[in-house]
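Hi,

Here is the structure I said I would pass on. Have a look at it, and then read on for what turned up.

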Amino acid sequence: MDMNMELEEKKDTQQDTDAKLDYRMPIYLQLREIVRSKIEEGVYLPGTAIPSENKLAETFGINRLTVRNAVDALVNEGILRRVQGKGVFVVGNKYETVLEEQGGFISTLSANHKRTSIKELAKTLRPAGNKFANHFNIGLDDLIFYIRHFVTLDNESVSLEEIFVPKEILPQLEIVDSSVFTLKDIFAFYGIELCSMSQSMEIVGGISKIRKTLDVPDGVALIMLSCNYRDNGGRLIAFSRSFIRSDKSSFSIKLHK
């Protein structure tokens, strides 16, 4: 762990310790309000995990069941979300949007009700370079986030997704777990109104590294689904492309008058 992370952990621990419990009131209700306050004050940011139940129990000197009751209450309110194997995450404010009415290809995994797993393989900051400087209309040396996801269904590989977002658009992306929340959710959490999406689809074949990562059988095509995301001013705020096994997905398009 680097020095900055250690300092942040100590700071968070101190902030938790500063909150006192009054044992004349139900403890879980007090802890619920402490966690709620830290969310409202921006100590626990949208898209990030709160301290574990063990950590909260240790910090406040209470048992895990009490912590779980407090967390469950906020989960039931829609303020927190439990993600198996990853923790409990803060859900930010959302706005309703009907992106389907914009048209385009919608990817639908063909296996219904199977468990989907998304693993964040990489999240890095890199200079835009010629290609993405032109794409986003930014400087060559301006930084963009590059995120790579590996998606499986019941432990079978389905797709590899790459996401590109200029840092100036969403600097908070550095701390958000993008394998838990969709890009649309994250934009909403931080007040960026996603207004339109434009998608394109093509069949690709000769990408040996990606085929190997996805364990694509011989004779099965890869589908590349590309998507541009724009805000209400028409500014391009993100670009994604997914390489999808054609034997694991189907696609539909709905036209609206």
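Let's start with Leu45, which sits in the loop that runs between helix H2 (27-40) and helix H3 (53-60). Keep in mind that this is a predicted model. Is Leu45 buried, exposed or partly exposed? With a relative accessibility of 27%, Leu45 is classed as partly exposed, because that value falls between the 20% and 50% limits. If you skip its neighbours within four places in sequence, Leu45 is in contact with Val90, Ile175 and Tyr190.

Ser159 belongs to strand S6 (residues 156-166), and Ser242 to strand S9 (residues 236-245). Ser159 has a relative accessible area of 8% and is buried. Ser242 comes out at 12% relative accessibility, so Ser242 counts as buried as well, since the cut-off is under 20%. What does Ser159 touch, not counting residues up to four places away in sequence? The list is His149, Phe150, Val151, Leu214, Phe243 and Ile244. With that same exclusion of residues up to four places away, Ser242 touches Leu160, Glu161, Ile223, Met224 and Leu225.

Now for the aromatic rings. Searching the whole structure gives seven aromatic pairs. One of them is Phe89 with Phe181, an edge-to-face pair with 6.1 Å from centre to centre and 75° between the planes.

Finally, some numbers for the whole protein. It has seven helices and 10 strands. The protein has 257 residues, and 40% of them count as buried. Take the contacts between residues at least 6 apart in sequence: 60% of these join residues at least 24 apart. As for the surface, the protein exposes about 14,900 Å², with carbon and sulfur atoms supplying 48% of that.

Cheers

Key:
Residues numbered from 1 in each chain as written. Predicted model: local features only at pLDDT ≥ 70, side-chain atom pairs only at ≥ 80, totals over all residues. Heavy atoms only, no water. Helix = DSSP H or I, 4+ residues; strand = E, 2+ residues; numbered from the N terminus. Buried < 20%, exposed > 50% of the residue type's maximum accessible area, 1.4 Å probe, protein only. Contact = heavy atoms within 4.5 Å. Phe/Tyr/Trp six-rings, centres within 6.5 Å; stacked < 30°, edge-to-face > 60°. Areas by Shrake-Rupley, 256 points an atom, 1.4 Å probe, with all protein chains shown as cover.
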